[in-house]
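Hi,

Here is the structure I promised to pass on. Have a look at it first, and my notes follow below.

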Amino acid sequence: MMCFIGLEGTKLSNKKLVYISILVSQALVLNIVESFIPVPIPVPGIKIGLANIVTLVTILLFGFKESLIVVIMRTLLAQLLVGNLTSFLYSVSGGILSACIMFFVYKRYSKYFSLVGVSVFGSVAHNVGQLFVAALIINNFLIFSYLPVLMIAGIIMGVFTGLVANYFKKYIKNVKYDSKW
């Protein structure tokens, strides 16, 4: 067994490490591609969230710990390539909160919410996490007045990423997950 990035209690076999590395790579590529896509609404902070598709897929394939590994590694690598420290703080906080909420909703409420609904929850949570970090950085919680605009965008983008993840879900069913990994 091999320990991955020093996460205590998270032991990954070589096979699982390869799968997670592929997922991190896919999320990183989607993140970089997304940085070149102009958003038609000139509102700061609005993104499509293509990398969240991979987070959803990771939740479906593996679970919570692995989805956090994918989010943290993708965010770290993306910021090393195209970002800065401040954008890293926004991205990682939004990504972690998003993964936590998506996993919780998927595990507890999947009979009420489809993968699209799970994605919407994650997208809105991502925006809340980013606004919280922004409020701490600028020391002003009035920035949350911007939340309704981000929530509308989050719902729209969450529906899109959820539909894409839902499309891949039928192919994911064919992947055999061995709990001994």
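A term to start with: a residue is called buried under 20% relative accessible area, exposed over 50%, and partly exposed in between (1.4 Å probe, protein chains only). By that scale Y167, with a relative accessible area of 44%, is partly exposed.

Before the rest, some background. This is a predicted model, where local features need pLDDT of at least 70 and side-chain atom pairs count only at pLDDT 80 or more, while totals for chains, interfaces and linings use all residues. Residues are numbered from 1 along each chain as its sequence is written, and side-chain values use heavy atoms, with hydrogens and water left out.

Now the rings. Searching the whole structure turns up nine aromatic pairs. Rings of Phe, Tyr and Trp (its six-membered ring) pair if their centres lie within 6.5 Å; planes under 30 degrees apart are stacked, over 60 edge-to-face, and the rest tilted. One of the pairs is F141 with F144, which is stacked at 6.1 Å centre to centre and 5 degrees between the planes. F141 is partly exposed at 44% relative accessibility, and F144 is partly exposed at 25%.

Y167 comes back here: its ring centre is 5.5 Å from that of F168 and the planes are at 75 degrees, so this pair is edge-to-face. F168 is partly exposed too, at 38% relative accessibility. There is also one aromatic cluster, formed by F104, Y109 and Y112.

Lastly, S93. This residue lies in helix α4, residues 85–109 (helices are DSSP runs of H or I, at least four residues, numbered from the N terminus). S93 is buried, with a relative accessible area of 18%. Leaving out residues up to four places away in sequence, S93 touches G129, Q130 and V133, contact meaning heavy atoms within 4.5 Å.

Cheers

Key:
Helix = DSSP H or I, 4+ residues; strand = E, 2+ residues; numbered from the N terminus.
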